[in-house]
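Hi there,

Have a look at it first, then read on.

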Amino acid sequence: MSFFRRKRQQPPTPPAATEAAPVQHDDLDERGWDAVTQAVSQHYPGAREFHVAYSPGLHFGSALQGCSALPGPDHWFYVTYGLTELWGKDSDDPTTSGFGYELTMRVRRSPADETPPQWPYRALIVLAQYVRSGPQELWLGDRIRLADGVTDDPDGALTTLAVTADPVVAPIETPNGRVAFWQAVALTDTDVEEAKRSTTDEVLERLAVDDPLLIIDPERR
């Protein structure tokens, strides 16, 4: 298992994210997009979707087309759109849609919070840019340190995103191929040092004892 494979490369600055206006795709096949939406919405029935579109968009250089947040009882659930084939089939591999996965994230939510925090949108597109920047691939168990930290708190202790299989949203078969869901989990420098002595999976297993969903608490030290 490989870690920090681009140790000297800082994650790129994410493009601007804007609240998405309704987009007309009457001439596009949205089979991939709809499959992702259906896979996650069954776990958050009736939840309002907070969708952000990244400018200038997937076909004009953005690493993602967008990202949605859905409220759960004690967390916000985020899912990306754009690492898989959202519309028609483009690649020659019939078994896998795009990179084969979309990214997810769970962030602590107070019942009084009516809108999701914005920093996860930034963190997830930075991770998606890492995926697209090549030549190395992203794998389960990888750790990616974000140059500006994970949250928007300059004094926050969360510095690194680890990648693991989403504990709830299972892989799906779509008309464009298989799509898995990989969750980004925030680690502190102390967690990272522990992972270097053991493995990322062991650190995540320790965290999952108290929190099986691996919800990110921005206040964690």
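In this predicted model, the side chain of Thr84 makes a polar contact with the side chain of Glu102 at 2.6 Å. (A polar contact is a pair of N or O atoms within 3.5 Å; within protein, one must be able to donate a hydrogen and the other to accept it, and residues adjacent in sequence count only if both atoms are side-chain atoms.) Thr84 sits in the loop between strand S4 (75–81) and strand S5 (96–108); helices (H or I, at least four residues) and strands (E, at least two) are DSSP runs, numbered from the N terminus. Thr84 is buried, with a relative accessible area of 4%. (Buried means under 20% relative accessible area, exposed over 50%, partly exposed in between, with a 1.4 Å probe and protein chains only.) Leaving out residues up to four places away in sequence, the contacts of Thr84 include Val36, Tyr101 and Val179, where contact means heavy atoms within 4.5 Å.

A word on how to read this: residues are numbered from 1 along each chain as its sequence is written, and side-chain values use heavy atoms, with hydrogens and water left out. Because the model is predicted, local features need pLDDT of at least 70 and side-chain atom pairs count only at pLDDT 80 or more, while totals for chains, interfaces and linings use all residues.

The largest nonpolar core has 36 residues, of which Tyr78, Met105, Leu138 and Leu161 touch the most other members. (A nonpolar core is a set of buried Ala, Val, Leu, Ile, Met, Phe, Trp, Tyr and Cys residues joined through side-chain atoms within 4.5 Å.) Helix H2 gives this core its largest share, 10 residues. A second, separate core of 17 residues includes Val36 and Val179, both of which Thr84 touches.

On to charges: the whole structure holds 10 salt bridges, each a side-chain nitrogen of Lys or Arg within 4 Å of a carboxyl oxygen of Asp or Glu. Lys89 and Glu85 form one at 2.7 Å, N to O; Lys89 is partly exposed at 30% relative accessibility, whereas Glu85 is buried at 7%. Arg221 and Asp153 form another at 3.9 Å, N to O. Arg221 lies in the segment after H4 and Asp153 in the loop between strand S6 (143–145) and S7, so this pair ties together parts 68 residues apart in sequence.

Two backbone details to finish: the peptide bond from Ser55 to Pro56 is cis, with omega near 15°, and Leu214, although not a glycine, has a positive phi of about 55°.

Best wishes
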